[in-house]
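Please keep the sequence and the three-dimensional view at hand while reading.

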Amino acid sequence: MLYYGVSLMDPGYVLSDCDEKYPSSTANDKQEMTSLSPGALRMRRCGYCLLKQPMRARHCKSCQRCVRRYDHHCPWIENCVGEKNHRVFIFYLALQLLVLLWAVHIAWSGLHSAGTWGEWLRANIFLLAAFGVIAVCTVVVSLLLFSHMYLISCNVTTWEFMSHHRITYLKQCDSDTNPFDRGLIRNVWSFFCTCGNVVWEQLYFRDAINTV
């Protein structure tokens, strides 16, 4: 159910032009923002679907759509992982890891003892093959889940982590600086407990003003 849910649900497609409005900011704040990052207020227009992209969005060539808070396109689910389905994707990975660990336990407990190595190998050849495949899948899913949890704790997407030097709103930041990082607890809380679209521009510019 989680697999079909994360595969079929909307990952956060950008459906129309996003307004460049920051309701929590005053006129002086906006002037400060513009002076701090002169190009940041000019939202990028996608060269493929011709829509203005909100911050942290990216066009996926496989889906032919722009996705909010784009993380990556996953070929295993044949869908993007973005702002609306990232949590479901994490739950899917966690459940998959639990099932794989359970399968490892079953395969290991099913091994039969025998008098010689040859007899033992013949009696357990299929279980050993299954155990090997399950073990490899468990390692892969574990690495994927833990890497995603690390990025979530830092409030960074996979795309931002891999392409920090090519992203316009991150170019002016040091490689160790993340303008969206609000601390471990708040990052994890906002990821799992925030509903609806997040206006990342407000957080980005607020941090820039606080720095000044």
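The notes below move from the overall layout to cores, surface, charged pairs, cysteines and backbone.

The model is predicted, so local features need pLDDT of at least 70 and side-chain atom pairs count only at pLDDT 80 or more, while totals for chains, interfaces and linings use all residues. Residues are numbered from 1 along each chain as its sequence is written, and side-chain values use heavy atoms, with hydrogens and water left out.

**Overall layout**

- The protein chain has 8 helices and 4 strands; helices (H or I, at least four residues) and strands (E, at least two) are DSSP runs, numbered from the N terminus.
- Along the sequence, the elements follow the pattern α-α-β-β-β-β-α-α-α-α-α-α.
- Of the 212 residues in the protein chain, 38% count as buried; buried means under 20% relative accessible area, exposed over 50%, and partly exposed in between (1.4 Å probe, protein chains only).
- Among the contacts of the protein chain with a separation of 6 or more, 61% are between residues 24 or more positions apart, a contact being heavy atoms within 4.5 Å.

**Nonpolar cores**

- The largest nonpolar core has 16 residues, and Ile77 and Phe89 have the most contacts inside it; such a core is a set of buried Ala, Val, Leu, Ile, Met, Phe, Trp, Tyr and Cys residues joined through side-chain atoms within 4.5 Å.
- The elements that give two or more residues to this core are H3 and helix H4 (117-154).
- H3 gives the most to this core, with 7 residues.
- A second, separate core of 15 residues includes Tyr70, Trp159, Ile167 and Phe180.
- Leaving aside residues up to four places away in sequence, Phe89 touches Val6, His72, Cys74, Ile77, Val81, Leu144 and His148.

**Surface**

- The accessible surface of the protein chain comes to about 13,000 Å², and 64% of this belongs to carbon and sulfur atoms; accessible areas come from the Shrake-Rupley method with a 1.4 Å probe, and for residues only the protein chains shown count as cover.
- Leu95, Leu98, Val99, Leu101, Trp102 and Ile106 form a nonpolar surface patch with about 620 Å² of accessible area together. Patches are made of residues with over 30% relative accessible area and no salt bridge, where like charges are joined within 9 Å and nonpolar side chains (Val, Leu, Ile, Met, Phe, Trp, Tyr) within 5 Å.
- Within this patch, Leu98 lies in helix H3 (residues 86-109) and counts as exposed at 55% relative accessibility.
- Leu184, in helix H7 (residues 184-193), is exposed, with a relative accessible area of 55%.
- Met149 is in helix H4 and counts as partly exposed at 29% relative accessibility. Not counting residues up to four places away in sequence, Met149 touches Ile90 and Phe192.

**Salt bridges**

- Side chains of opposite charge can pair when their charged atoms come close.
- The structure holds 3 salt bridges; a salt bridge is a side-chain nitrogen of Lys or Arg within 4 Å of a carboxyl oxygen of Asp or Glu.
- Lys84 pairs with Asp10, their closest N and O atoms being 3.7 Å apart. This pair links distant parts of the chain, 74 residues apart. Lys84 is partly exposed at 40% relative accessibility, and Asp10 is partly exposed at 28%.
- Glu160 and Arg56 meet in a salt bridge at 2.7 Å, N to O. Glu160 is in helix H5 (residues 158-162) and Arg56 in the loop between H2 and S1, 104 residues apart. Both Glu160 and Arg56 are buried.
- Arg68 forms a salt bridge with Glu83, with the closest N and O atoms 3.1 Å apart. Arg68 lies in the loop between S2 and S3, and Glu83 in the loop between S4 and H3. Both Arg68 and Glu83 are buried.

**Cysteines**

- The count comes to 0 disulfides, a disulfide being a pair of cysteine sulfur atoms within 2.5 Å.
- For Cys63, the nearest cysteine sulfur is that of Cys80, 3.5 Å away.
- For Cys74, the nearest cysteine sulfur is also that of Cys80, 9.7 Å away. Cys74 counts as buried at 6% relative accessibility.

**Backbone angles**

- Leu50 has a phi near 65 degrees, a positive value in a residue other than glycine. Leu50 lies in the loop between helix H2 (27-36) and strand S1 (58-60) and is exposed, with a relative accessible area of 54%.
- Arg69 has a positive phi of about 40 degrees although it is not a glycine. Arg69 lies in the loop between strand S2 (65-67) and strand S3 (72-74) and is buried, with a relative accessible area of 5%.
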